[in-house]
Amino acid sequence: MTSTLPLNTSKVNAAHKLSLAPLQVPERLLLGPGPSNAEATVVAAMNCQPIGHLDPAYLQMMDEVQDLLRYTWQTENELTYPVPGTGSAAMEATLANVVEPGDRVLVGVMGYFGHRLVDMAGRYGADVRTMHQSWGQVFSLATIRAALEEHRPAVLALVHAETSTGARQPLEGVGDLCREFDCLLIVDTVTSLGGVPIFLDEWQVDLAYSCSQKGLSCPPGVSPFTMGPRAIAKMEQRQTKVANWYLDAGLLRKYWGRDRVYHHTAPVNLTFALREALRLLAEEGLENRWQRHQDTAEFFWDGLESIGLSCHVDRAYRLPTLTTVRVPAGVDAKAVARTLLLEHHIEIGGGLGDLAGQVWRVGLMGANSHRDRATTLLATLEKVLHQSR
């Protein structure tokens with residue numbers, strides 16, 4: 001005898017039922033602040049059938065990803081792994097694990113993502129203090145020292161690559177200051193990892209985070225995270241549990257470490273893609289990768305000048321991965337970006353916060369950091385601007 005569930009089809013609400021054709025995604029040249037286009041082998045890797053997140057083959061892949069992330073960040077940190085989620089999840093992981101209620105956290109705000117750090121730290125009960133710089137400017141060591149002296153924080157958080165402005169914050173010497181003032185250093189490398197020189201251990205960075213979809217040219221959804229020994233020590237001395245269970249590094253290191261204790265169902269296909277993206281980076285070599293991004297950026301900057309456009313950030317502090325281009329007077333920034341996307345299939349980003357309507361954000365990152373991509377954008381942008389005037 002078989003049993004069946006009672007089924008009353010008259011109760012089914014079909015208001016949201018859709019009849020769709022198979023998925024077709026438009027082809028775009030992604031030259032905005034992210035994502036960037038992924039290499040064909042990265043996309044192919046993601047399209048493999050999934051395997052279990054405790055399968056021996058997957059566990060080996062996890063080890064490979066961790067080692068390649070250490071290479072990419074230039075660190076020996078044991079606790080280095082990709083967080084399941086976008087870069088903002090990895091950002092939150094750094095704060096969640098080392099900030100307890102009442103901890104004083106000093107954030108350097110020089111753009112949109114400094115403000116996000118302030119918001120997140122406050123949600124974990126931190127006594128948040130800030131130092132501010134104009135959008136497109138960076139902090140000097142003297143300014144950082146003065147702020148550390150004034151606020152005496154437990155944690156200093158800085159954005160290495162401010163995605164909203166295109167400015168690169170120098171980090172040489174900051175780690176020394178943090179040790180002098182006995183505080184941890186958190187660094188946002190979301191728009192610098194894989195395209196800008198980073199030496200986490202040499203710079204004495206205690207925690208860092210990034211994303212997969214920019215300089216690494218992997219689809220979004222899995223984001224690098226790393227903790228150094230000083231950060232782990234603070235986490236282990238917590239008086240309270242990490243408030244975010246999903247991002248608790250104390251639990252996750254049992255999964256990513258030797259124990260392999262189940263914590264969550266890992267995004268295995270995104271791990272496939274990240275492994276391939278990192279393999280390609282290692283195959284090219286960090287030095288060559290960094291130089292390619294710098295060469296492409298300088299070619300693009302010179303090209304902008306040749307068509308009468310200027311950059312928002314001083315050349316000495318510009319990111320080679322992301323350029324903020326000043327919008328000429330009288331030009332509708334959104335209309336130009338919309339025309340580039342809908343008529344020419346090229347995506348660029350608009351300004352955020354203080355720079356809304358004043359700049360375009362152009363990303364030449366990872367697989368898109370090549371002169372032919374820059375040439376295509378320059379020629380098309382010049383054409384669209386001529387038509388809009």
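Guide: Angles between axes are named by cut-offs: under 35 degrees counts as roughly parallel, over 145 as roughly antiparallel, 65 to 115 as roughly perpendicular, and the rest as oblique. The model before you is a predicted one, in which local features need pLDDT of at least 70 and side-chain atom pairs count only at pLDDT 80 or more, while totals for chains, interfaces and linings use all residues. Residues are numbered from 1 along each chain as its sequence is written, and side-chain values use heavy atoms, with hydrogens and water left out.

Visitor: What is the angle at which helix H7 and helix H8 pack?

Guide: Two packed helices are described by the angle between their axes and by the distance between those axes. Here helix H7 (residues 229–236) and helix H8 (residues 249–256) pack at about 120 degrees, and their axes are 11 Å apart; H7 and H8 are therefore oblique to each other. The residues that make the contact are Ile232, Met235 and Glu236 on the H7 side, with Ala249, Gly250 and Arg253 on the H8 side.

Visitor: In what order do the 3 strands of the open sheet lie?

Guide: Strands are said to pair if DSSP finds at least two bridges between them. In this open sheet the order is E11-E14-E13, and the pairing is antiparallel. Strand E11 (322–326) and strand E13 (349–350) are the edge strands, each pairing on one side only. Between E13 and strand E14 (residues 359–363) there are 2 bridges in the antiparallel sense, and Gly350 has Trp360 in E14 as its bridge partner. Helix H10 lies across E11 and E14, and its direction is at about 10 degrees to E11.

Visitor: How many residues of strand E2 are buried?

Guide: A residue is buried under 20% relative accessible area, exposed over 50% and partly exposed in between (1.4 Å probe, protein chains only). Strand E2 (residues 79–84) is mostly covered, with 6 of its 6 residues buried. E2 runs antiparallel to strand E10 (residues 222–227), to which 6 bridges join it; Leu79, for instance, has Met227 in E10 as its bridge partner.

Visitor: Is His132 buried or exposed?

Guide: His132 is exposed, at a relative accessible area of 52%, and its place is in strand E4 (residues 127–132). Leaving aside neighbours within four places in sequence, His132 touches Val109, His115 and Phe139. His115 is 17 residues away from His132 along the chain, and the C-alpha atoms of the two are separated by 10.0 Å.

Visitor: How many aromatic pairs does the structure hold?

Guide: A pair of aromatic rings is described by the distance of the centres and the angle of the planes. The structure holds 6 such pairs, and one of them, Tyr112 with Phe113, is edge-to-face at 5.1 Å centre to centre with 70 degrees between the planes. Phe199 and Trp290 have ring centres 5.4 Å apart and planes at 70 degrees, so this pair is also edge-to-face. The pair links distant parts of the chain, 91 residues apart, with Phe199 in the loop between strand E8 (184–188) and strand E9 (207–209), and Trp290 in helix H10 (residues 286–306). Phe199 is partly exposed at 27% relative accessible area, whereas Trp290 is buried at 11%. Ring pairs also link Tyr81, Phe225, Tyr255 and Trp256 into a cluster. As for the limits, rings of Phe, Tyr and Trp (its six-membered ring) pair if their centres lie within 6.5 Å, with planes under 30 degrees apart counted as stacked, over 60 as edge-to-face and the rest as tilted.

Visitor: Which residue lies over the face of Trp301?

Guide: Arg318 does, at 4.9 Å from the ring centre; the rule asks for NZ of Lys or CZ of Arg within 6 Å of the ring centre and within 35 degrees of the ring normal.

Visitor: Which residues does a cis peptide bond join?

Guide: Most peptide bonds are trans, and most residues other than glycine have a negative phi. Gly34 and Pro35 are joined by a cis bond with omega of about 5 degrees, and Pro35 lies in the loop between strand E1 (29–30) and helix H1 (40–46). Gln204, found in the loop between E8 and E9, has a positive phi near 60 degrees. His345 has a positive phi near 60 degrees, and its place is in the loop between helix H11 (333–344) and strand E12 (346–347).

How values were computed
Helices (H or I, at least four residues) and strands (E, at least two) are DSSP runs, numbered from the N terminus. Contact means heavy atoms within 4.5 Å. Axes are lines fitted to C-alpha atoms, for helices over the stretch in contact, and angles run from 0 to 180 degrees between N-to-C directions.
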